[in-house]
Amino acid sequence: MMKNFRNISLLALLALGIWLYVKRRSPHKATNANEKVLEMFICANIKGIDPACTIDNHSCGEMAKVYEGLLTYHYLKRPYELTPNLAAAMPTVSDDQLVYTFQLKQGVKFHDNACFPGGKGRELVAEDFVYSIKRIADPKVQSTGFYLLDGRIKGLNEWREKYIDTPAAYHEPVEGLQAIDQYTLQFILTKPYPQFLYVLARHICFAVPQEAVQHYGPAFLNHPVGTGPFMLEEFKPQANTIVYHKHPNFRVKCFPTEASEAFKHLLADAGKQLPLVDKVVMHIIPEEHPRWLKFQKGQLDYIQIPKDEFAEAITPAKGLSTALQQKEVQLHHGPSLSTYFIAFNHLNPLFRDNLKLRRAMSLAYDRQALNELFYHGTSLVAQSIIPPGLAGYRPDYVNPYGTYDLARAKQLLAEAGYPGGKYLPTITLDTSNSTTHRQIAEHFARCMEKLGIKIEVITNPWPALLQKVHQSKSTMLYTMGWAAAYPDAEYMLHTLYGPNKNSGANGSNFDDAAYNVLYEQVRVMPDSPARTKLYEKMNQLAAEKVPLIYMVHRSDHVLHHRWLQNYVLSDFDYYGHEQYLNIDVDKKHTMQARF
């Protein structure tokens with residue numbers, strides 16, 4: 001009898017083990033056959049989901065599922081067009097361009113959460129935006145996005161300065177930031193700010209409830225509470241997935257009923273309540289090959305084509321491979337508003353005062369080989385900071401220090417005082433810990449070796465790399481990409497503005513008097529041919545002073561399975577675009593059965 005009991009126990013344990021294994025293997029399957037689950041990926045770990053405390057696009061994409069701002073971008077219009085989000089309409093603006101008045105939508109509810117009485121989310125009011133923007137300015141918060149509002153809102157900097165050494169008094173009024181009544185919000189600027197509406201669409205200006213910040217304290221970044229289309233009970237930094245559920249009390253917001261000509265075929269869901277899916281599962285997969293395998297098995301709905309799989313996916317004629325066509329995979333491709341570069345840390349005296357050294361290293365870098373090795377020749381070798389598609393980019397401009405010329409590089413290195421690399425220390429290059437980023441860094445190291453310069457590549461988890469850059473901590477060189485957060489070259493140019501150093505924007509700590517004067521001139525100018533001319537001048541100066549070693553402007557190549565509907569290629573897909581996507585569940589089940 002004891003033997004039978006042991007056998008039964010063993011069978012029970014075996015059954016339990018099988019159940020747990022299956023559960024681990026399929027933890028995010030739909031709970032019913034008709035549930036719409038969006039399976040996506042994020043290619044880097046993030047440190048948390050707090051609008052005030054991060055600026056990278058990986059984190060912004062997660063925040064925009066949960067939080068919202070006054071404005072956003074129309075999903076189906078190009079050129080990009082701002083549209084009301086939590087605002088009831090676009091603002092009224094005074095003739096002098098200094099006073100912006102918004103009316104808020106009524107009846108918008110925060111997610112149900114333990115921070116509220118009875119756990120029920122309350123209504124959003126204008127005071128929530130006043131609090132959220134003061135929080136960005138609070139020196140104790142150490143927001144990486146304050147530079148976007150620095151000196152812009154009347155009285156905000158003075159409020160900030162009062163609380164450098166003491167806890168901020170959020171009840172104290174700020175002249176330029178007022179809740180006129182429950183649903184009326186007013187900003188008074190110190191001077192014209194042509195990009196102000198773009199900034200209000202940015203994640204730093206998303207509405208955050210004070211109750212949540214106070215309830216969770218330092219853990220708030222792991223307990224996001226917003227008004228957005230999806231909600232997240234808790235963010236777990238070490239988890240392999242982030243699972244969002246549809247906000248059951250989401251306000252009335254419908255799929256667009258208008259579209260640019262190129263997107264009119266995507267209006268089948270026009271007028272339907274958003275979001276269109278029940279759940280979003282973000283798989284955290286830093287390495288490209290595992291992402292590709294999951295996509296091939298139908299376990300990811302879309303993917304950027306990895307470099308090592310490009311030849312398998314795309315034909316020499318730049319079309320989709322026969323194998324993928326047979327799987328009814330869809331291809332989207334186009335240039336992105338982004339620039340990838342290697343930055344010199346100008347706090348390091350080795351680089352700060354030695355222009356010839358920077359120019360020598362730039363000339364010794366073979367960007368065309370980089371493009372062929374890692375981007376299959378589909379990207380554009382970058383001449384400076386502004387990418388194609390933005391005013392200020394000149395297709396005919398050639399950076400005199402952006403072409404591969406090893407002989408000239410050696411001459412400049414000798415003139416800099418380091419003939420053949422002599423007397424130079426080993427230079428460290430920090431990069432992300434993905435395989436591709438490491439390989440790109442190693443390619444740079446091989447180029448510098450030909451110049452006589454020894455480069456030590458240091459890989460970092462993404463949050464650690466950002467922390468090093470933002471704190472100017474121990475970096476000499478680092479790799480980074482900068483994507484336009486709004487469709488204005490000013491956003492690219494402010495990354496080299498001296499006063500923005502150590503703020504989250506100017507991580508290179510470049511500080512050039514001539515450049516700063518030009519930036520201070522253009523930052524208050526409305527869009528005009530005169531401003532574009534100054535953008536061009538700044539872009540050329542940013543090339544020839546070599547604060548960065550420019551790499552490429554990338555082109556995006558995205559694949560998605562046919563069951564994923566309403567996908568559009570966008571430079572601003574980190575603005576909560578998941579709410580517009582749809583899943584044809586029957587087609588997904590049928591097609592997955594073939595994989």
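**Second largest cavity.** I looked up the second largest cavity and found it lined by 15 residues, of which Ala 64, Tyr 67, Thr 72, Asn 85 and Tyr 575 lie nearest its centre. I worked on a predicted model, in which local features need pLDDT of at least 70, side-chain atom pairs count only at pLDDT 80 or more, and totals for chains, interfaces and linings use all residues. Residues are numbered from 1 along each chain as its sequence is written, and side-chain values use heavy atoms, with hydrogens and water left out.

I noted the terms of the search: on a 1 Å grid over the protein atoms alone, a cavity is a set of points where a 1.4 Å probe fits but cannot get out, and a pocket is an open set with protein on both sides within 12 Å along at least five of seven lines; lining residues have an atom within 4 Å of a point. Grid points are joined across faces, edges and corners, and a volume is the space filled by probe spheres set on the points.

The volume of the second largest cavity is about 90 Å³. Over the whole structure I recorded five cavities of 30 Å³ or more.

**Largest pocket.** I then turned to the largest pocket, with a volume of about 970 Å³. Its lining comprises 46 residues, and Cys 53, Val 141, Gln 142, Ser 143 and Thr 144 lie nearest its centre. By class I recorded 20 nonpolar, 17 polar and nine charged residues in this lining. Helices α3 (126–137), α6 (210–216) and α15 (462–470) each supply at least two lining residues; the largest share, five residues, comes from α15. Helices (H or I, at least four residues) and strands (E, at least two) are DSSP runs, numbered from the N terminus.

**Confidence.** I checked pLDDT, the predictor's confidence in each residue, from 0 to 100. The protein averages 92, and 94% of the residues score at least 70.

**Cysteines.** I searched for disulfides (cysteine sulfur atoms within 2.5 Å of each other) and found zero. For Cys 43, the nearest cysteine sulfur is that of Cys 60, 13 Å away. I class residues as buried under 20% relative accessible area, exposed over 50%, and partly exposed in between (1.4 Å probe, protein chains only). Cys 43 is partly exposed at 30%, and Cys 447 is buried at 6%.

**Backbone.** I located a cis peptide bond between Arg 78 and Pro 79, with omega about 0°; Pro 79 sits in the loop between β2 (71–73) and β3 (82–84). A cis bond also joins Leu 274 and Pro 275, with omega about -10°, and Pro 275 lies in the loop between β9 (241–246) and β10 (279–284).

I noted a positive phi, near 55°, at His 376, in the loop between α12 (367–375) and β14 (380–381). His 376 is partly exposed, at 25%. Asn 509 has a positive phi near 60° and is buried at 3%; its loop runs between α16 (490–493) and α17 (513–522).

Conventions. Ala, Val, Leu, Ile, Met, Phe, Trp, Tyr, Cys and Pro count as nonpolar, Asp, Glu, Lys and Arg as charged, and the others, Gly among them, as polar.
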